Amino acid sequence: MTREKLRIGLFGYGCVGQGLHDVLNNSKGFKADIVRICVKNRKKKRRIPMSNFTFDKNDILNDPSVNLIVELIDDADAAFKIVSMAMKKGKNVVTANKVMVAKHFSELFEMQEKYKVSLLYEASAGASIPIIRNLEEYYDNELLYSLRGILNGTTNYILTLMHNQGIDYDVALNDARKKGFAESDPSLDVDGWDPKYKLCIITGHAYGLFLDPSEIFHYGIKTISKFDIQYAKEKGLKIKLVPFVGKTNENTITSFVLPRFISPDKYLYNVDNEYNGVITEAAFADKQFFSGKGAGGHATGSAVLSDISANSYGYRYEYKKYLQGTVTNYTRDFRIEVYLRYNEEKDKDLFGFEEVSEYFCGRSYKYVIGIVNLERLYKLREQLQKMDVFIVNTGRKGIN
Ligand SMILES: NC(=O)c1ccc[n+]([C@@H]2O[C@H](COP(=O)([O-])OP(=O)(O)OC[C@H]3O[C@@H](n4cnc5c(N)ncnc54)[C@H](OP(=O)(O)O)[C@@H]3O)[C@@H](O)[C@H]2O)c1
């Protein structure tokens, strides 16, 4: 395939936009020009001349010489408008925006078909880890049993600090803020939304289902206490925030985002700080482990560059699993073993525990370990935000 000379219209010049710029400048063999950059804030100082910038998206979208749009802004609604307009105009798009892709997965798929354009978004899940293209290409003929991992660098950084230094959640969160990992409003990360959006994108390529994010149970780390860390440490475990998707039978999958106990013999145990890791379990390849930086301008910029390069060779996602249609159902009727640290018996009773294997009632805290149904957790999702509890998937049992 011949390589088309790339003329890029870039949206966003923040952490990732500037990271991409640096990565492109250091890839001497790669021929691509950034024609124009669209940003929002007219008062911000820029590190390159103002003549490179515009504040009007149409300056880029209506420029016939621009043959690739790279969308790297932090506003999912504005991004969806930009990306939709670009595709309608017949332009290929590369994006890193997980919120936008996860929320509009079906529409974005349909637009690619309708307007015969390509949308690539490797950086949207796992940043520098090339998981989407691997799921598309490598696992095509594999029976993929499950995928789980650490897909959020901020929470992994906080959990690492709490585990290694024995500090409280608030102190660890502040440290993450100072290092630039956590936003001033960190709820997207610490409440588990961010890994859920990434899980939705991964599910589309692993199993061919474009799930509505609101259908998936997610739970974050914001109510974690030193008791939970202490419990984990006493057992030689770490706590990590782990999204999971897997088959429950031939044509059905389940998925959720929950903190999980990880033992030292597991790949994810040593994925610390802002690093991400993904484990696939498949029939013939068995377990495979991908690891890399899950955030940061240069790491994410390198994944964006990889998509830009793939685009120049005419690469597009084929959505093979969706077209094969082997997996047709999604269920939350799935039983998992969890540790619940709680204060009030009435809170514990809401979970409907079965097969309790451990129970502890101390002066400072109580916990119970047993089987709960995922559907029950999902129904409790609003209440859980206000409860003085913390839930961890033990990872020992998953039964449907
Ligand atoms: N940061 C990471 O490590 C990382 C990793 C993976 C994926 N991502 C994704 O990459 C995207 C960019 O993240 P980031 O960290 O680079 O964000 P960021 O540092 O906050 O930068 C956002 C950029 O978007 C511009 N912008 C916002 N709204 C705009 C609009 N309506 N029109 C034009 N420009 C607009 C801003 O303009 P001004 O400069 O004028 O403010 C800024 O340049 C997000 O979707 C994020 O989820 C980030």
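**Cavity, pocket, ligand shell and aromatic pairs**

The lining of the largest cavity comprises five nonpolar, three polar and two charged residues, where Ala, Val, Leu, Ile, Met, Phe, Trp, Tyr, Cys and Pro count as nonpolar, Asp, Glu, Lys and Arg as charged, and the others, Gly among them, as polar. The model is predicted, so that local features need pLDDT of at least 70 and side-chain atom pairs count only at pLDDT 80 or more, while totals for chains, interfaces and linings use all residues. Residues are numbered from 1 along each chain as its sequence is written, and side-chain values use heavy atoms, with hydrogens and water left out.

**Cavity**
- The structure holds one cavity of 30 Å³ or more, a cavity being a set of points, on a 1 Å grid over the protein atoms alone, where a 1.4 Å probe fits but cannot get out.

**Second largest pocket**
- About 340 Å³ of space lies in the second largest pocket, a pocket being an open set of points with protein on both sides within 12 Å along at least five of seven lines.
- This pocket is lined by 19 residues, of which F261, S263, K266, T394 and G395 are the closest to its centre.
- Strands β10 (252-262) and β17 (390-399) each supply at least two residues of this lining, strands being DSSP runs of E with at least two residues and helices runs of H or I with at least four, numbered from the N terminus.
- Eight nonpolar, three polar and eight charged residues make up the lining of the second largest pocket.

**Ligand**
- The ligand has 22 residues around it, among which V16, N41, K44, R46 and G296 come nearest; a residue counts if one of its heavy atoms lies within 4 Å.
- Taken alone, the ligand exposes 900 Å², of which the protein buries 81%, with areas from the Shrake-Rupley method and a 1.4 Å probe.

**Aromatic pairs**
- The count comes to 28 aromatic pairs, for which ring centres of Phe, Tyr and Trp (its six-membered ring) must lie within 6.5 Å, with planes under 30 degrees apart counted as stacked, over 60 as edge-to-face and the rest as tilted.
- F105 and Y121 form an edge-to-face pair, because their ring centres are 6.2 Å apart and their planes stand at 80°.

Key. On a 1 Å grid over the protein atoms alone, a cavity is a set of points where a 1.4 Å probe fits but cannot get out, and a pocket is an open set with protein on both sides within 12 Å along at least five of seven lines; lining residues have an atom within 4 Å of a point. Grid points are joined across faces, edges and corners, and a volume is the space filled by probe spheres set on the points.
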